Amino acid sequence: MWLAGLVKNSVKGGNGGVGSLLVRYMSRTRAVNVRKINPKVPIPEAKSIASSLYDLIKQRGPLTVPNTWTLAQEAGIGGLNSRTHMKIMLKWMRGRKLLKLFCNHVGSNKKFLHCTLPEEPQTEQLESLPEPVLQTKKKPSAKRKKKTKK
């Protein structure tokens, strides 16, 4: 009821900015939860397909979906049934934080590219670096001796 009053005021020209904002917000559809995508194959097989696609994208750099499909066919990645299945697998990989999708504007057109996320530095490299040696001088204590009157 209160929402109808806000919308009615905004139609009449009153201060209905909040009402129009609420109507716009509530009328939108929710985004797809990519973490719950079904890869259409058993999980172990999906992981092997995902690792093959990940290696392919990591070697060749950011790729569009058509380029990924042609390179996957050339590489002979087993388990991909069709281009649609590959798109589902790419979306599944994005949900698992293996890939990132970004948009590249080319003139008035957009190109959507898949790339791998930057990997964290390996712990072996961090352990091999020597720790810097800090030289600290011993400072005299800050407490002063009380002078006695003679």
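This is a predicted model: local features need pLDDT of at least 70, side-chain atom pairs count only at pLDDT 80 or more; totals for chains, interfaces and linings use all residues.
1. Overall make-up. The protein contains 6 helices and 2 strands. Read from the N terminus, its elements follow the order α-α-α-α-α-β-β-α.

2. Burial and surface. The protein has 150 residues, of which 21% count as buried. Its accessible surface amounts to about 12,900 Å², and carbon and sulfur atoms hold 54% of that area.

3. In soluble globular proteins, nonpolar side chains tend to be buried together. Here the largest nonpolar core comprises 22 residues, and Leu53, Leu80, Met89, Leu90 and Met93 have the most contacts inside it. Two or more residues each come from helix 3 (43-60), helix 4 (65-75) and helix 5 (83-95). Helix 3 supplies the largest share, 7 residues.

4. Leu53. Leaving aside residues up to four places away in sequence, Leu53 touches Thr68, Ala72, Ile77, Leu80, Met86, Met89, Leu90 and Met93.

5. Helix 3 against helix 5. Two packed helices are described by the angle between their axes and the distance between the axes. For helix 3 and helix 5, the angle is about 85° and the axes are 10 Å apart; helix 3 is therefore roughly perpendicular to helix 5. On the helix 3 side, the contact includes Leu53, Tyr54 and Ile57, while helix 5 contributes residues including Met89, Leu90 and Trp92. By class, this contact has 11 nonpolar, 1 polar and 1 charged residues.

Methods
Residues are numbered from 1 along each chain as its sequence is written. Side-chain values use heavy atoms; hydrogens and water are left out. A nonpolar core is a set of buried Ala, Val, Leu, Ile, Met, Phe, Trp, Tyr and Cys residues joined through side-chain atoms within 4.5 Å. Buried means under 20% relative accessible area, exposed over 50%, partly exposed in between (1.4 Å probe, protein chains only). Helices (H or I, at least four residues) and strands (E, at least two) are DSSP runs, numbered from the N terminus. Contact means heavy atoms within 4.5 Å. Accessible areas come from the Shrake-Rupley method with a 1.4 Å probe; for residues, only the protein chains shown count as cover. Axes are lines fitted to C-alpha atoms, for helices over the stretch in contact, and angles run from 0 to 180 degrees between N-to-C directions. Angles under 35 degrees count as roughly parallel, over 145 as roughly antiparallel, 65 to 115 as roughly perpendicular and the rest as oblique. Ala, Val, Leu, Ile, Met, Phe, Trp, Tyr, Cys and Pro count as nonpolar, Asp, Glu, Lys and Arg as charged, and the others, Gly among them, as polar.
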